Each structure stands twice: as structure tokens, then as C-alpha cells.
Amino acid sequence: MATRVRLRWLAVMLVAALSIVSATYAAEQQQLVVYNWWTAGGEKQAMDKIFEWFKRKNPNIEIVNNPVAGGGGITLKTVLLGLLAAKIPPDTFQSLSGAELKQYVDGNYIAPVDDVWSAQNLNANYPAVINKMTTFNGKHYGIPMNAHRANWLFYSKKIFDELKLTPPTTVDEMIAVAKQIKSRKPGVAPIAIGTREKWPAVFLFDVVLLSTGGPDVYEKFYTGQLNARTSPEVRTALQKYRELVPYLYEFHGAKTWSDIAAPMAEAKMGMMVIGDFAAGLLVQAGFKQGTEWDAVGFPKKPQEVFLMIVDTFVRPVAAKNPQATTAWLTNLTDPKVQAEFNVIKGSIAIHKAVPDSTYPDKLHREASATFKSKRIVPSSIHGVLAPPAFLSDWQDILTRFLYSPDVNRALSEISDAMTMDKVTESGQWYWAK
Amino acid sequence: MPYTRAHVLLFLGPLLLIVLLMYGMMAWTVAISMSDWVGLAPVWKFNGLQNFRTLVVGALQERFFTNLRNNVIWLVVFIVPTASLGLLLAYGLDLSGKAERLFRPLFLYPLTLSFVVTGTVWAWMYDPEAGVINNGLRMVGLGRWAQPWIADPGLATLCLIGAAIWQYTGFAMTLYLAAIRDIPRETMEAARVDGASDVQVFRYVVVPNVGHATMIVTALLILITLKVFDLVWVMTFGGPGISTEVLPFFMFVATFRQQFVGIGAAISVIILIMAVAVVVPYSWWSMRRLQV
């Protein structure tokens with residue numbers, strides 16, 4: 001009896017396995033294999049919006065989604081490395097613009113997308129800097145569709161109201177505000193930061209560099225145009241960064257940025273420099289902008305900029321379904337798709353036709369307005385400006401610095417890492433005409 | 001039933017496949033470690049021992065030796081307590097009679113968790129403010145002993161090792177328990193009849209008779225420390241700074257995040273050499289033992 005039951009099971013499993021296999025083969029003709037790292041709650045729903053639009057426009061193409069979890073695509077990149085080297089690329093995959101995208105170009109893994117770019121008139125519809133960040137050797141290699149702003153200063157509205165503080169506009173003002181909080185509310189950490197995942201230390205440094213040096217110095221630093229050992233701009237920024245250390249949340253090495261957001265909104269910490277994605281987290285946790293927390297673009301002086309991270313999709317060389325890839329990339333440039341996607345994703349659309357009023361919340365309306373009116377600077381984060389190899393070393397250097405702030409040691413570490421990671425060489429694309 | 005050629009193929013085939021895969025991969029890694037491969041696409045430019053030189057005497061020297069030092073700390077601080085605790089627990093269980101059935105699974109249970117789960121749970125426990133360890137200390141009036149734990153560059157590696165000891169003590173215990181059960185009962189009973197206490201039995205009968213278990217436990221724990229990665233990744237991500245980085249972590253970061261594939265392969269080869277240095281003497285020793 002038992003044997004017969006087992007046999008029947010075996011038969012059922014075999015049939016199931018066979019039907020899956022045959023279904024895969026039958027569907028092969030009309031497929032779009034997508035790899036992306038949008039797996040978290042809101043991200044997945046945002047991605048589903050794109051799928052919805054894609055299916056409406058291309059009912060004959062079946063989407064085969066392969067989400068690989070891991071912020072900034074670290075894990076996805078590990079998976080892709082194998083697929084691309086084995087010459088079995090997906091039909092499209094997610095990357096970031098700039099240096100990160102350049103790696104795939106250098107490896108000859110992705111093909112130009114100039115056809116889509118000019119068909120959709122993206123030279124006019126996208127900001128010039130995005131044009132630059134997707135162009136290598138005179139050709140476009142990626143279709144971006146959304147932008148995150150990295151330079152926000154979130155702060156506890158309750159603490160700022162109670163102490164009658166105004167949000168700082170420069171790092172010096174930030175230090176002054178932190179000093180006030182520390183002396184008048186000793187139990188509160190003036191600057192909230194969580195460096196267990198390291199990269200938030202870079203967010204904090206970036207606003208310091210923007211404040212002490214301005215956007216030109218910022219771009220030069222991250223593309224290796226400054227000599228870290230000798231240039232006064234880098235030294236000044238690091239010295240200012242050191243002045244922040246006494247005001248940081250004491251146990252930052254044990255926390256991630258998301259551990260820190262709620263205590264800030266609960267008035268246990270003062271302020272925090274992080275990207276717009278923190279707004280989504282705070283809103284989901286039930287904290288209200290305007291009463292519990294608020295956020296300002298930071299720094300405002302010498303010049304307010306939009307520090308940008310851009311998600312991008314690409315066309316792999318020798319992808320199996322080229323028409324599907326083209327249809328996918330074209331769909332991403334549709335302002336309606338971008339609007340619906342970005343409202344859920346918590347980023348902003350980069351197509352100029354998407355109005356600021358699209359976004360239900362104040363923070364993203366402001367981000368969208370800033371995006372259209374202020375200078376856009378590519379963020380260093382996720383290897384958008386500096387190559388990913390340097391970013392990895394850079395976050396190690398900065399988190400070490402926060403524990404033992406030795407400016408001279410850090411400067412020589414930066415210089416060594418920049419040489420090792422060939423930052424100057426790989427930053428050439430940014431200055432190419 | 002006589003063995004036919006088909007049988008030979010059937011059983012040797014998979015073995016051959018595994019051997020080829022494993023040693024093929026190893027050979028491949030060695031080849032990459034002597035290449036100039038940087039970036040996503042393979043670069044097959046032979047550059048001899050340049051990658052090793054970069055690690056040991058070149059630009060990555062400080063990082064490499066920090067990693068190596070941490071690996072050595074792991075070797076020393078992880079293995080001795082895990083093995084000793086395992087042996088003590090095993091002897092305790094052996095003495096406890098029927099209660100053993102209750103306790104053995106309890107101690108073995110942590111081993112069934114993945115390092116990712118262990119890491120997450122222990123990171124919570126080590127939390128300087130909300131963590132159970134500091135709060136426990138404060139509750140019993142030992143608040144001054146509260147530490148930043150994983151947020152302290154000097155303590156963080158020890159904290160990681162603490163989590164690993166917790167996870168692997170049950171494993172050492174099981175192996176020791178089997179070894180203790182192997183000791184002829186008459187020997188133990190004779191000692192007791194002669195008036196030896198439990199402690200004396202432990203010292204003069206158990207310890208001298210579980211040498212082979214110690215060899216196995218130590219060799220396996222050494223291999224575990226050489227490839228420790230998940231705990232570091234989950235709990236500290238190598239930080240603060242690079243203070244808790246170990247070689248396997250560095251290998252992953254160098255290869256997949258920085259695309260220094262040649263350097264990453266060189267680190268793998270160094271880990272392999274370290275592992276071989278442990279496994280070969282061990283195998284030699286156990287083979288000799290079997291022949292006697």
C-alpha cells in the first residue's frame with residue numbers, strides 16, 4: 001500500500017515537473033527576463049506598476065521577473081557576474097547610472113540604447129546631467145527612470161520646536177544646533193546616525209563636503225581630480241567632519257539607519273542626514289511630517305543642490321528577446337509610468353513632463369521642484385560618481401574615522417585607496433565632452 | 001551479484017564529477033589569483049605573484065594583516081572555549097543519567113540555526129541600549145559593566161566569537177559525548193570503586209581517553225573559523241571600520257563589490273593554504289592511527 005502511494009506521488013511530481021519544463025519552452029518565444037533588486041515592501045508594489053503598464057502595452061510578452069534582494073544591488077551584481085560571464089544574459093537588468101553602469105560597458109556586457117533615447121527625445125525630456133551619466137564613448141548605455149535625493153536633513157520637529165531651533169543650512173550651523181541640543185537636552189543624541197552597514201557615514205560626509213567645498217569640489221573629489229594628501233579642500237572637509245563626532249549618537253556602530261529613524265521621530269535624537277527613502281519608512285511607522293519630524297534639503301549654502309542616485313535599466317549584449325527589451329526600455333520613459341511608479345517607490349520621476357503635484361507628500365513635491373530648479377549633482381553613493389571599488393574602501397575609511405578621528409591618517413588612506421581603485425582613471429567619463 | 005562495469009561507472013562517476021568540479025575550481029582559482037583580472041569581464045593577463053605581493057607587502061598590507069590577525073584571534077579564542085565547554089557539558093550529561101535525553105537536544109539546538117539567524121539574534125542581544133545583555137547587567141546592579149559590545153572596535157571580534165561559541169558548543173559536546181561513551185564502563189567503574197570523585201574521574205579517566213575526539217573537534221572548528229563569514233557579514237559588516245574583518249569576508253568584498261577578482265582569488269588561495277596546513281597533518285595522523 002505504502003509503495004503504491006509513493007509511486008503515485010512520484011508520478012504526480014513527474015507530471016508537474018514535465019509541465020513546468022514544457023511551459024517554460026512554450027513561453028520562450030514571448031518573454032522578457034528581468035533582473036532587479038526591488039524586493040522590499042513598497043519597492044515591489046512600485047515594480048508591479050511598471051509590469052502592469054508593460055502588459056497593457058505588450059500583451060503578448062510574458063514577464064519573467066527575477067528579483068534578487070539586497071539594497072543597491074550588491075547581491076544582484078554577484079548573480080549577474082556569473083550570468084554575464086557565461087553569456088546567458090537576461091533581457092534587461094537594473095543598474096545605477098554613472099560609474100556603476102560604466103563597469104558593464106567596460107566589460108562589453110551591455111549594448112547602446114541610442115535608438116530608444118532619441119525616439120523618446122530624452123535629450124530634451126531628461127536633465128542634461130542624466131544624459132552625461134548614461135553616456136560612455138559617445139553612446140547611451142542605460143535608460144534611467146527615477147531619482148532619489150541623498151542630501152536631506154531629517155530632524156525631530158518636537159525637539160526643534162521645544163528649543164526654538166531653526167534647521168541648519170550649513171555644517172557650521174549644524175554643529176551650533178548640535179551644541180545647543182547637547183547642552184540643553186543631555187539625554188538626546190544631537191546627530192542620529194547608524195553605521196552598522198557603514199554607508200550612512202558617507203551620506204554624512206557628503207553634505208559636509210558640499211557645505212565646505214560646494215558642488216564643484218564634490219564632483220572633483222569623487223572623480224579623483226583632487227590629491228587627497230595635499231588639497232586643502234579635502235582636509236577642511238575632514239576636519240569639519242571630525243567636529244561632528246562628539247555630537248553623534250554614541251553607539252552608531254551597533255545600529256542601522258533604519259534603527260535610528262524612529263528614535264529621531266520620537267524626539268530621542270535630534271537630526272539625521274539620509275536619503276528620501278527614510279521618509280517612506282517614517283510614514284509607514286506612523287510618524288507624521290510636520291508634527292513629529294520634518295526634513296530640509298541640506299546644505300543650502302554655498303549652493304543648494306539635488307544630490308542624486310539614479311536607477312537605470314540596460315540592454316544586455318546578445319539578449320534573447322531584443323524586441324521585448326526595447327519595449328521594456330521604452331515603457332520606462334513614459335511619464336505616466338514614471339509618475340505612478342515613483343509615487344509608490346518614494347523617489348521622483350526624472351521625465352520633465354511629470355508635475356510636482358504628482359506626489360502626495362510635501363517632501364517629494366519639494367524634491368521634484370528642487371530637481372527641476374537646482375543644480376543636480378550625482379551622489380557618490382552606490383558607485384554613481386566614484387567607482388564601486390572606491391566606495392567600498394571609502395565607507396571603511398569613514399567609519400574607522402568616526403571611531404578614531406585622525407585627519408592625517410584618513411587623508412593618506414583616501415589617497416592610497418584612490419590609487420588602488422584607480423579613481424582618477426575611471427572618473428574620466430565624467431569630464432568627457 | 002557480481003560487479004559489472006556499469007556498477008563501477010555508476011558509483012565512480014559522481015565521485016569523479018565531484019573531484020573534477022572541486023579540484024577544477026581550485027585550479028581555476030589559482031590561475032585567476034595569478035592574473036590581472038579587475039572588473040566584471042575576465043582578464044587573462046598573467047602577472048605572477050603580484051596579487052599576493054599587493055596583499056602581503058603592498059597597498060593592501062594593513063588590511064590583510066588586520067584580517068589575518070582577526071582570523072588568528074578566532075582560532076585561539078573560539079576553539080579552546082568551545083572544545084572545553086563541549087567536553088564539560090558532555091561529561092555532565094554522561095553523569096546526569098536520564099536527564100540527558102532532555103538536555104542533549106537543548107544544547108544541540110543552536111547548531112541547527114544558520115549563522116544568519118544566530119547573527120541577527122546576537123546583534124540584538126549585544127545592542128548597547130536595548131540589548132538583553134546590557135539591560136540584564138543593569139537589572140542586577142552591574143550597570144558599570146555594560147559595554148558598547150559590537151559598537152566597540154576593540155571588543156567587536158570577541159562579541160562575534162561569543163555568538164559562535166554559543167552555536168558550536170553543542171556540536172563539540174555531541175562528539176565528546178560519543179567519545180566518553182566509547183570509554184569502557186569498567187574503567188570508569190573501577191576508578192569509582194577505588195574512591196575517585198567525579199572530578200578525579202574526569203581528570204584521570206575521561207580527559208586522557210578522548211584525545212581522538214579532541215583531534216576531530218579541533219580540526220573541524222579550525223576549518224569553521226577559517227571560513228567564518230556569515231556572522232561577520234550579518235553582525236558588523238566587518239566594522240567598525242575594518243576591525244572585525246576576516247579573510248573570507250575580505251575575499252568576498254574584494255571579488256564581488258570591488259571587482260578585484262585577481263586579488264580575491266589570491267585571498268582564497270591563502271585561505272586554502274591555511275586550511276591545507278591544518279587538514280593534511282590531521283589526515284596523516286588519523287590514517288596512521290587506523291593502520292595501527
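Chain A is divided into domain 1 (28-147 + 309-354) and domain 2 (152-307 + 379-431). The model is a predicted one. Taken over C-alpha atoms, the centres of domain 1 of chain A and domain 2 of chain A are separated by 29 Å.

The two domains also touch. To this contact domain 1 of chain A gives 13 residues, and domain 2 of chain A gives 16 residues. On the side of domain 1 of chain A that touches domain 2 of chain A, at least two residues each come from H4 and from strand E12 (305-313) of chain A. H4(A) gives the most to that side, with 3 residues. By type, the residues of the side of domain 1 of chain A that touches domain 2 of chain A are 5 nonpolar, 6 polar and 2 charged.

The next step is the contact between chains. Here 29 residues of chain A are in contact with 26 residues of chain B. On the side of chain A that touches chain B, the elements giving two or more residues are helix H3 (74-85), helix H4 (99-106), helix H17 (388-403) and helix H18 (407-420) of chain A. The largest share of that side comes from H17(A), with 7 residues. The residues of the side of chain A that touches chain B divide into 12 nonpolar, 9 polar and 8 charged.

Conventions
Residues are numbered from 1 along each chain as its sequence is written. Chains are lettered from A and ligands numbered from 1 in the order in which they are written. This is a predicted model: local features need pLDDT of at least 70, side-chain atom pairs count only at pLDDT 80 or more; totals for chains, interfaces and linings use all residues. Two residues are in contact if their C-beta atoms, placed from the backbone, lie within 7 Å. Helices (H or I, at least four residues) and strands (E, at least two) are DSSP runs, numbered from the N terminus. Ala, Val, Leu, Ile, Met, Phe, Trp, Tyr, Cys and Pro count as nonpolar, Asp, Glu, Lys and Arg as charged, and the others, Gly among them, as polar. Domain bounds come from an automatic or database domain assignment.
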